[in-house]
Amino acid sequence: MKTSPINSLLLVSIWPTTVVVQAFASSSSHKTTTLLSPPKSFLQKHHHHHQLHHQHNQLHTTTTSLNLFGGTTKSVATAVTNLIPRGGGASIVADRVSSLTSTPNGSFNLALGVLAACTAVLKLSNNATSNNKSDESTVVKKDPNVQSLQRRFLMVFWLLRMADWLQGPYFYQVYASKTFGSATGNAMTWVSRLFLTGFASTALFGPLVGRLCDTYGRKAGTLVFSLLYSLGAMSTKSNVLGVLLAGRVMGGIGTSLLFSAPEAWLVGDAARNGLEGSLGETFGLAYAGDSIVAILAGQMAGLAAGTRGPSGPFELSVGFLILGGLLAALTWKENVAGGGSSSSSSASSGDNEEKETSSKPTIRDAVKVMKEDPKIMLVGSIQSLFEAAMYIFVLNWPPAVSKAVSAYFAKFATDSSAAIGTPYGTVFSCFMACCLLGSTIFGQMTSSTKVDKDGKSKAVSTENFAAGMLGLATLAMGCATLSISTSTPSILSALTSLPVLSTILSPLTALASTVSSLFSTPGALISILILSLFVFESCVGMYFPTIGTLRSKYFPDSHRSVVMNLFGIPLNAMVVTVFLSIEKLGVQGALGVSTTALALATACGLKLKGMIRKENEEK
């Protein structure tokens, strides 16, 4: 029987996925008799089945003890493995996989490969589906003007994002390596203060920067970002505290510009040329490429740090900032709030200049516009809540993952006294691969380039997609929070033991017991935690093109940058508050705050979806 290339690739990608899941799920206190066990048990069991294979001359099947749900079930991994022909090659592959999953670095490298394979399968399957249905549907050819806009925007966007990503991995190291002279406090104290200085400057100056950007031009704002971020990066070469603080202020202002000016320029230029329908696709491409850029930046940052020290990645980022700024200066046409251009404004007469000055966007006007349109408030609330949850997650995933990795992989350590290292770089690469997968899913589900034979769009509306994505993100973060909780089983027992709830929850007693057993082994804990974090990062990949599309639809161009930065104030306030309270909250408490923020964002998404559905029904 012939198998299509797509099915073969899908089978190959599913097989290692199940290997990883079972490897993490296997209990450290229960031995498994399967290909996916540690190397020694694998060799013993495989030798036995290899003999049976020759005796019976047929494919063999096995059952395995999968303790993820506290019982003995037939392994999905084994079932899928049985579909793959056996032989010497399969034995070598299985042995290699088993060896990889016995170390943290090997396991996450394998996971990275699986995520990359899943993204490739998704891309190939979509292309195959498009080719098979070419006779039944009409594929809209991309407008050359859209291609030109995307080329001009994406090249600049990716270069600037590369500069931003390069600075992230070594933020702590570059400031922790400084000596602050007579300044009081240890290195960690000043690293925290420098970190908060950047967030505070983003919150304080963001609305003003947005107003200036809308007034004097989004291209100009992008160029100013390149300048400020370059100065902030070069400040890391100094040991003077005042210079470092000034650098963080410039970096904070630059962050406001990075997340508003390029996007505002894109939306304004698309509106000026009647290309608004291409924005969803453009945002999807932008953030799919951004995930690849982040992975490359992590590798380049490591090389630069090894050559030039902790400030090496910051120095390297300056080159990308200069290149991005030059491309923007040469290929972008200026646009300002309301769709105007700087050239037309400069050619106006004195009376017209006075009229334009009086109509320049102000922060007060932006606040008024926000209050008058509930859809702006909903989209802005989604932005603030989701991104606050994301930044809180960024600060807290390392200790959560490190604890789970140490608990699970200790059983494979030859020296029980040695510390189990967590491959943070590889984990970060896995997160970025998840973001790429999420951006790919967004692009394929919301693409406006495919219509049926009647000319109707087959795309999922951005509002519907946003509601589903936010709900999935909330579920994933909630599961991650529960997986690091040591009190979850006792909480469940307490609930089912209460006189009133015992009657209500009696039908769910077995389910509660099963849920409780999920948290009983290190293998189950790390399985749930890593899977939850991967799902959340996939939602992050879906989020950025989603929110970009929603902002382009509902934020008025006359106040776009101002409104975006105004919603950054509660975002930064939440992150700073959690950061200052981290000793009281702990990792679980911080992730609990993230879960709550995501749940509120989901409620806003559902409300927006309902409003749009009601408006469509009334038309």
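Q: What counts as a helix or a strand here?
A: Helices are DSSP runs of H or I with at least four residues and strands are runs of E with at least two, numbered from the N terminus. The model is predicted, so local features need pLDDT of at least 70 and side-chain atom pairs count only at pLDDT 80 or more, while totals for chains, interfaces and linings use all residues. Residues are numbered from 1 along each chain as its sequence is written, and side-chain values use heavy atoms, with hydrogens and water left out.

Q: And how many helices and strands does the chain come to?
A: The chain has 26 helices and two strands. Of its 619 residues, 48% are buried, meaning under 20% relative accessible area with a 1.4 Å probe and protein chains only (exposed is over 50%, partly exposed in between).

Q: Where does Leu533 lie, and is it buried or exposed?
A: Leu533 sits in helix 23, which covers residues 522–554, and it counts as buried because its relative accessible area is 3%.

Q: Which residues is Leu533 in contact with, leaving aside neighbours within four places?
A: Taking contact as heavy atoms within 4.5 Å, Leu533 meets Phe393, Val401, Phe431 and Ala480. Val401 is 132 residues away from Leu533 in sequence, yet their C-alpha atoms are 9.4 Å apart. Across the chain, 83% of the contacts between residues at least 6 apart in sequence join residues at least 24 apart.

Q: Which residues of the largest nonpolar core touch the most other members?
A: They are Phe108, Phe153, Phe386, Phe431, Met469, Phe534 and Phe536, out of 101 residues in that core. Helix 17 (residues 374–409) gives the largest share of this core, 16 residues. A nonpolar core is a set of buried Ala, Val, Leu, Ile, Met, Phe, Trp, Tyr and Cys residues joined through side-chain atoms within 4.5 Å.

Q: What does Phe386 touch, then?
A: Beyond residues up to four places away in sequence, Phe386 touches Met469, Leu470, Ala473, Phe536, Cys539, Val540, Tyr543, Leu598 and Ala601. There is also a second, separate core of 16 residues, and Tyr175, Val191, Phe199 and Val575 are among them.

Q: Changing topic, where is Thr202 found?
A: Thr202 is in helix 8, residues 187–216, and at 14% relative accessible area Thr202 is buried. With neighbours within four places set aside, Thr202 is in contact with Gly252, Thr255, Ser256 and Asn572.

Q: And Ile612, which residues does it touch?
A: Ile612, in helix 26 (residues 582–618), touches Lys375, Glu463 and Tyr554, again not counting residues up to four places away. The C-alpha atoms of Ile612 and Glu463 are separated by 7.9 Å although the two residues are 149 apart along the chain, and Ile612 is buried because its relative accessibility is 13%.

Q: How many cavities of 30 Å³ or more does a search find?
A: The search of the whole structure finds three, a cavity being a set of points on a 1 Å grid over the protein atoms alone where a 1.4 Å probe fits but cannot get out.

How values were computed: 1 Å grid on protein atoms, 1.4 Å probe; cavity = no way out; pocket = protein on both sides within 12 Å on 5 of 7 lines; lining within 4 Å. Points joined across faces, edges and corners; volume = space filled by probe spheres on them.
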